[in-house]
Structure formats: C-alpha cells, structure tokens
Amino acid sequence: MSFRKFLATPTPRVFTGLLALCLPVSLTPQTVSAQEKDSVAAKKSDDSKSEGKPAQEKAEKKAEDASKDVKAAEKKNDKPADSKADESNEKEMTDKAADAPKQEATETSKEQPSEPKPDPAWVEKGVWTLPPTDGPAAVDFQLIGEYAGDVSIATEKKTDDSDASKQSIKQRYGIQIRAIGSGEFEALAYEGGLPGDEKFDEATQLRLIGRRNGETLVLSGGPWALFAGPEKCRLINFEGDSLGELPRVIRTSPTMGAQPPKEALVLFDGKNTDQFSKARIADEGLLAQGANVKWLLNDFDLHLEFRIPHMPGKQGQQRGNSGVYLQSRYECQVLDSFGTDRVFNGLGALYRFKPPRLNMAFPPLTWQTYDIRFTAARFGADGKKLRPAHVTSWVNGVKVQDNVALPGPTGAGKAEEALPLPTLLQDHSDPVRFRNVWVLDRGIAASDSFPPKSQEE
C-alpha cells in the first residue's frame, strides 16, 4: 500500500490527524492531489465530530423523545406535529433545490453575448474580417481612414514693383491613408476635399509615403510633412510651422439602409437564402461571397451593401476582390481600392472595360453601398443583337457609371444571347460580406405613369 493511499484509508484516522499536524507542507490548489484532499476532508470531519459531542448527546436525547412521541401517535393513527413540520421543511428545501438551476439558467441568459472576434484562420493569412483589437495590427488599423479640413497654404503674390511677397490662403484638403503592411503606409492628398465632395479636384492629387512610429504616423512626399494619429492629422512645412489640422472624417453612403419598395423582391435580409440557388450565410448572419440569384432577371434595379476585409499585405486584385456579375455576363467590380488612384479595374469599374468616373471607395471593413440599374441587351428573332446592354451604377451614393453601353461580356462573363442567366455575387476567395440585398424587377413592378394621359386632359 502506498503512503498516500494509507493516509486516505479511514481506519487510522487519529494517526492521520497527528501526522498531518507534524508535516509543515504548504500546497497550492493547483498541486493538491485528489487523495490529499480526501485526507484533509476526513480530518476535518473527525475534528467536527469530536468538538460537537455535547450537542450530539442533546440531539440523541431529543431524537429519543421524538421516537416516543411517534410511537404514541402511531397508536392513535395520527402523525406528530414535528413530523409534519419536518416534511414541510424537506419539501421547501427540495423546491429550492429544484428552482436553483432555473434561477442560474435565467441569470446566464441575461448575460450579453460575447463580442465577435476576427476569424483566427483568416488572421493567420493576414486577413481581418473584423477590426483587429490588439498588437501592431490594431495600431495600424486605427490610422487608416479619411481626414479633411482647411489648412493655410503660403503663396507668392507679385506687386507693382515686380517684387514677390508671400501670403497665406485657406485651402481645403482631403487625405486618404491606407496601410500596406508591417507599419508601412501610403496616402493621397487632394485639394478641395475628398472624392465626391463638391470642390474635389482629382488633378491636384499628391502621393505620400511613410511609416508608423509608436502611435504616430509620419508621411512625406510633398511640400509639407504629414503627422497622423487616430483622430486627426497635422501638416507641417519645412520651417516647422503648422499649416493646420485635419480631423478624421467618417462618411456614410446616403443609400445605406435603404428599404426596398413594396414591389421589390428581397433577396437577402439576414433570415435565409431562399432567393438564391447557391448561397451561404456567414457566422455573423451576413451573406458570403459566391451567391447565385435564383430569379432570371432582365431589366432591374439592384441595391446591396457590402463590407470588404482588411488585407494590408495584399495589393491590386488580391485585396478584397469580388464583383456583381449581371446576368453572369457583365461585372461591376468590388475591390479594396481605398486610397489608390482611380484605377481601370478598381471598385466601381466595369471590369476590363471602363474605369469609374470617381474612386468612391471607403476604407476596408466599412459598410458601403452599390446601386445598379441594368437594362438587358435586346435580340431579334434571328438571334442577332439589336441593342447592347446598358449599366448605370452608384458607389456609396455617387454615380460612377452613367448609362454605359456594353458591347459584349466583361471579364470572365458568359457569352451573350437572348436567354437571361443568373446574376451572382462573385467568389474570388476573399471574405467579402453582403447585407440588405434587394432587387426591383422593372418588368414586374407597376408603373404609375401608364397608361399615359392625353394632353387634352
């Protein structure tokens, strides 16, 4: 028999208690074994029994008296009052014990659900489907975004005697800062504000590059340097003078959350994928990329909201790529184009055919909107195309394609013919998410302007 098993044996209890007093051992809960716990519990039980002898004798006497009462009551075919009280107490304790799990379950249900966290499998690949919350990646992400405000710019003014004098004028600037991985950043600066602003001037684009130091980002590449933080950025000239501060701007599309008209067909509202022949709901209750609309649509207006992942280590077509394939033939590009030039195949482009009029991309992990009006191509009885398909589209509420005629399929689109094909949300292997997707079939929707009224009326 082992020493620990011997100690756990209930027979030599006195010896066990004396031995436990003689062993000056300090154990933490992590190192105490199950056998040692049993030994200590046995000692405490013996101690409590020895200390409570007078009480035990009283209890035994009371029990003996109660037994006599029970016998007397049995002769009268009646139960004693004490027995009834004991039954009542026992029932009350049983009810409380039964209610305890219910109460605990109720308290647990009131707890708030845990905050969603980025998918570890994607994070390992350098992809964030939700904002990073710790480490250098979280610090980098806080610096991504748009900044806009007025700064004082020095200009030269010629006087009558041909001498030039300097003066300062107020000029509105817009800055877009994007991360390119490992603490490295790029930025684009524009006079007149941000893309989509009334006085935005794309021709004044100024490119800056920089690196983060702690929580401060320093960018250079123009006549001034840019110091950026999570809430604002500051422009500093060569002499070290501050030209002004630009606060962070968070823009929201004017069509965000747009509710479908009563005639519209709701394709996805977070409940199910019944309107798709192929689709998957992601963990957050959002529609994942790679969804094929069940309906074969010809002329329609489509609204959807999308969120592009944060992929700082990727560039170009490898960065948050998806697309809206109209009739499986014509692609309206989805891509993380934030803070880049108005590229040929960027967000809002008709892929491999026509760039957008403006680069209206918002930062990654920001909800954005795509609104598309599509009119299908028309064919004759002989199968020849009589009129090309046309597309008008808005990204984040700004028109980026204006009734563009499509001479043929774009990108990897299917061949044109009179037969319509499914419209789909492309799966380019990047975790792009969608919500609030609805379509207005202009061939079904009722029109209040028909039949037309005569001018005489």
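## Strands, and confidence in the model

Helices and strands are DSSP runs numbered from the N terminus, a helix (H or I) having at least four residues and a strand (E) at least two.

The model is predicted. The average pLDDT of the protein chain is 81, and 71% of the residues score at least 70. Another is residues 104-109, where the model has zero contacts beyond four places in sequence.

## Helix α7

Helix α7 covers residues 135-143. Its buried residues are Ala 138, Asp 140, Phe 141 and Leu 143. Just after α7 comes Gly 145, whose phi is positive, at about 155°.

## The nonpolar core

In soluble globular proteins, nonpolar side chains tend to be buried together. In this model, the largest nonpolar core has 67 residues. Ile 177, Val 324 and Tyr 370 are the residues with the most contacts inside this core. Strand β3, residues 184-191, gives the most to the core, contributing five residues.

## The hairpin of β19 and β20

Strand β19 (residues 389-395) pairs with β20 in the antiparallel sense, over six bridges. In one of the pairings, Ala 389 has Leu 406 of β20 as its bridge partner. Together the two strands form a hairpin with two residues between them. Within the turn, Asn 396 takes a positive phi of about 55°.

His 390 is found in strand β19. Is His 390 buried or exposed? Its relative accessibility is 12%, so His 390 counts as buried, the cut-off being under 20%. A polar atom of the His 390 side chain lies 2.9 Å from the backbone oxygen of Pro 388. Leaving aside residues up to four places away in sequence, His 390 touches Arg 373, Phe 374, Thr 375, Asn 403, Val 404 and Ala 405.

Thr 369 belongs to strand β16. Thr 369 has a relative accessible area of 0% and is therefore buried. The side chains of Thr 369 and Thr 255 are joined by a polar contact of 3.0 Å.

Which residues does Thr 369 touch, not counting those up to four places away in sequence? Among them are Ser 253, Thr 255, Met 256, His 303, Leu 304, Glu 305 and Phe 306. The list also includes Trp 394, Val 395, Asn 396 and Gly 397. Of these, Asn 396 is in the turn of the hairpin described above.

Arg 352 has a positive phi of about 60°, although it is not a glycine. Arg 352 is exposed because its relative accessible area, 55%, is over 50%.

Asn 403 is also a residue other than glycine with a positive phi, near 50°. Where is Asn 403 found? Asn 403 is in strand β20, residues 398-406.

Conventions: Residues numbered from 1 in each chain as written. Predicted model: local features only at pLDDT ≥ 70, side-chain atom pairs only at ≥ 80, totals over all residues. Heavy atoms only, no water. pLDDT = per-residue confidence, 0-100. Contact = heavy atoms within 4.5 Å. Buried < 20%, exposed > 50% of the residue type's maximum accessible area, 1.4 Å probe, protein only. Core = buried A, V, L, I, M, F, W, Y, C linked by side-chain atoms within 4.5 Å. Pairing = 2+ DSSP bridges. Polar contact = N/O pair within 3.5 Å; in protein donor to acceptor, adjacent residues only side chain to side chain.
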